[in-house]
Amino acid sequence: MSGPGIAAVAAQVAVVTAGAPLLAGLMRQVRARLEGRAGAGIAQPWRDLRKLLRKEPITPVGTGPAFRAAPALLVATTAVTAALVPFLSTDTPVGRNADVILVVALLALGTVALALAGLDSGTAFGGMGASREMTIAALVEPTILLAVFALSIPARSTNLPAIVAGAVEQPARLASPAGLLATAALAVAVLAETGRLPVDNPATHLELTMVHEAMVLEYAGPDLALVELGAQMRLTVLLGLLTSVFAPWGIATGPSWAALAVALAVFVAKTALLGAALAAGEVFWAKLRLFRVPELLAGSFLLALLAVTASYFLSGE
Amino acid sequence: MNPVGSALGAAAGLAGCGALAGLLPRHRARTVLAGVCTAGTGAAGAAAGIAACAGDRWSLVLPGVLPLSGLHLAVDGLSGPFLTTAGIVIAAVALYGTGYVRPAGTGESARGVQTVLPLFALTLLLVPAAASVSAFLMLWELMALASLVLVLAGHRERSAVREAGVWYAVMTHLGLVLLLAGLARFAAGAGGQTFTDLRAGAAGLPGGVRSAVFVLTTVAFASKAGAVPLHVWLPRAHPEAPSHVSALMSAAMVHLGLYGIVRVGFDLLGGGPRWWWLALMGAGGLSAVYGMLQAAMASDLKRLLACSTSENTGLMLIGVGAAGLFADAHHEELAALALAAALLHMVNHSAFKALLFCAAGSVLRATGLRDLDRMGGLRARMPLTAGLFAVGALGAVALPPGNGFVSEWLLLQSLIHGLAVPGEVTSIVLPLAFAVIALSAGLAAAVFVKALGVGFFARPRSDRAAGAEESPPAMLAGMVLLAVCCAALALVPGLLGPALDRAVAVAGFRHGASLSGTGIQAQLDGVSARLSPLWVVAALTAATAAAAGLPRLVRRRPRRTRARLWDCGGGAPTPRMAYTATSFAEPLQRVFDDVVAPEQDVDVTPVRESAYLVERVRYRQRVPDRLEHRLYRPVLAGLSHVGAAARRLANGSAHLYVGYGFCGLVTVLLALAVGW
């Protein structure tokens, strides 16, 4: 167990937790500028969180333990995921257990916890959000797992550090048809999983079009702060996962402090760039009707299936 | 004396006492005595199973019991896991049953049920111990008959029970006919009817006969296991049986179908060509997705659980099929991994499905409701039951830290590593199987969020749900036992490693899968994957505690105040505004519209004076089982048509009947004379 390895895990959790609101702020700012608005500044989500955390905790009458536990569980699952995914280093003490199926399942656990909380509130909007969220989640799960399957074929393992380390050593894997198809499939799945356009609109003010926001309507104060932080962390983790898997350059592969520092800077830059690009893209997209979303996900699923068969036939000889 | 033999002997004795105790006249004493004896039967069976898992072998021949053949019993490594899980489930369910029965002594607690239940438990334990065709068929049929009697327990109160009983009786006996034909042909070809003879003679059979035996027996076993499209009896019979019987059927009897496939396909026939296993994987994939879709549409809690049984059977069949596929390609390590994953999933499914059915039974007892749409708010009225249901649901959704996740992870690992097997077939079938498992896991998450969130959370949507009370201690104790099993399987699945290795070795694969004490690990020639459930749980607990403490860092006084629900300023909503199971499933139903084909009617009644003013709008929706409509209804209609046509032959004239007899006799004599 090496010093830099432990530091890498701690740094991953810290940078995801502290950086997630900043990433959300950056994306909102990019969007605002492109739409011709001044924007509230990158640190606005942080200020919002601080404000919410200072407020009085509220328990709506008629809600139960599931409603109270869900925000903390959402943040916890995302934090554990942040520790597992090799954002900064592939040589960490938790690396051997960093299985990609486990990562996907942990994120799904957060979704399930929040959906149960939405139902627990007993309001029509809570139920509506939970129902839509679980419908989308049920369709995202096969897509994301199949993309994962495609990724694991060249490395012959579902261990994330092994996948990333393999890609660092052989960059040609990333440019292969299988790699590109898997990237596209995973990118669509990430959009759906994080509730971004065109699947869900995070900035909507119309209840009937809400998915994620409808589930969390009853939250206020510190609970709302945790829900918001959890959602921002999920976005960061999934964008970070995309960059780690498909642009793994800069990630430390050995126990070295210097490499770790470089990896930290590169990770922040990569994720910020990807987030800014996503925000810029969202300006030009409209939200899909809820019942058109399955078509999008089916397309993504097909890409992932093609990626799997392509990687088999192209590496089969 | 051998521990397996003495434990099974004790189980048989206790089951006999239980059956006698069930005949006692006094209701209270009868319930308690029969329950204790049945629990003892289960415990003894579990002890036998654990001894078998630890490596003990046992066999017994009782020449005088069955005419002509004698009764052959044997317990080996493959029987072990099935005996153990059945035994533990029986013990927990019997404990639960002592509290479940109603004081009136009717329906579920009638004398007949209490007499038959111990015998049913005993047959569940003896089927995996049968070691000859005659013994297996006899025990299999006894098990079917006993469960049929138990399913029919409530036939006086509800007509649906009678219908379910007819479906079950017909399906199980058609299965028996196929099983009889397949095993009889096998025994005739192998020159002996004990399993030892069959094993020795299997290699000498021609390929066509082997395939015929496999297909006939597998269809029969798959029907018992609830695989689509032979599942139609399952979502009828399991919900209509008393809940503790449903638990036994879903968590123990259904798995004996899997046992039969593994025993005949791998152990007795010694594996076979690729198409056997591809067909099995196809049936498994169909069951997994179709079963879960039906569960997603169901609003009857017990029907939902029964459909999810079909899904889990499908996952196990995919594992068994993959094992056969890998074995056919001479990748024994992979085959061992896939089979171990299927068996581990069987064990996990037993634990969580028994728990879920028991919890559903508690709700049924407390409210008289099975309809999720009319439940709600039960977590405040039955907090322990709700918590136990949540434990079971966590296992069923295949998410960490539940126990179902561990076995599905192992199954997915076997499929990923299976790509090492060369050939176009594997490169297409395995990704599809992977996607099917992932889709059914995603749907399972939606299904169990619905069951838990709509059934137990929010506020009661009917007076009966509002008046629910917590179950008596005996029922809770039974469920706690099952919940402890779920937790143990989720945290230290590695403890099952040696038992699974032995079971897989009986199926003919020498390289065991690697499950060790703290976690599970798939280690195959240079490829490895690891999962440590204990660490995952520890990390999640620590992170949740840290996240919950976060607001306290900023604000010193975290006293929570209560406030009215906001609901977008709409004011406190009434329970009628909450989402029901039907509305929760509506988006999924629309997405899979082409598959589930729901039937919807809207009746608009206008006011008499004007066609434009509406007095009442009535909306009805049914989601029928489409396979049943397409596959079974035409056959049933054809049969009744033939029956109606045949009535013309019997017009009541005695002369005609004598004529029929004469013609029949002449035909037989002619056939004999010609020498055919």
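This is a predicted model: local features need pLDDT of at least 70, side-chain atom pairs count only at pLDDT 80 or more; totals for chains, interfaces and linings use all residues.
Helices here are DSSP runs of H or I with at least four residues, strands are runs of E with at least two, and both are numbered from the N terminus. Residues are numbered from 1 along each chain as written, chains are lettered from A and ligands numbered from 1 in written order, and side-chain values use heavy atoms, without hydrogens and water.

Q: What makes up residues 257-284 of chain A, helix or strand?
A: The span is 96% helix and 0% strand, with its end C-alpha atoms 42 Å apart. Residues 235-251 of chain A are 71% helix and 0% strand, and there the end C-alpha atoms lie 20 Å apart.

Q: Why is A:Ser244 called buried?
A: Its relative accessibility is 1%, and buried means under 20% (exposed is over 50%, partly exposed in between; 1.4 Å probe, protein chains only), so A:Ser244 counts as buried. This serine sits in helix H10 (residues 221-246) of chain A.

Q: Why does B:Ser532 count as buried?
A: B:Ser532 has 4% relative accessibility, so it also falls under that cut-off. Its place is the loop between strand S5 (527-531) and helix H21 (533-554) of chain B.

Q: What makes the pairing of the B:Ser532 and A:Asn97 side chains a polar contact?
A: The distance is 3.1 Å, and a polar contact needs N or O atoms within 3.5 Å, within protein one able to donate a hydrogen and the other to accept it, with sequence-adjacent residues counting only if both atoms are side-chain atoms.
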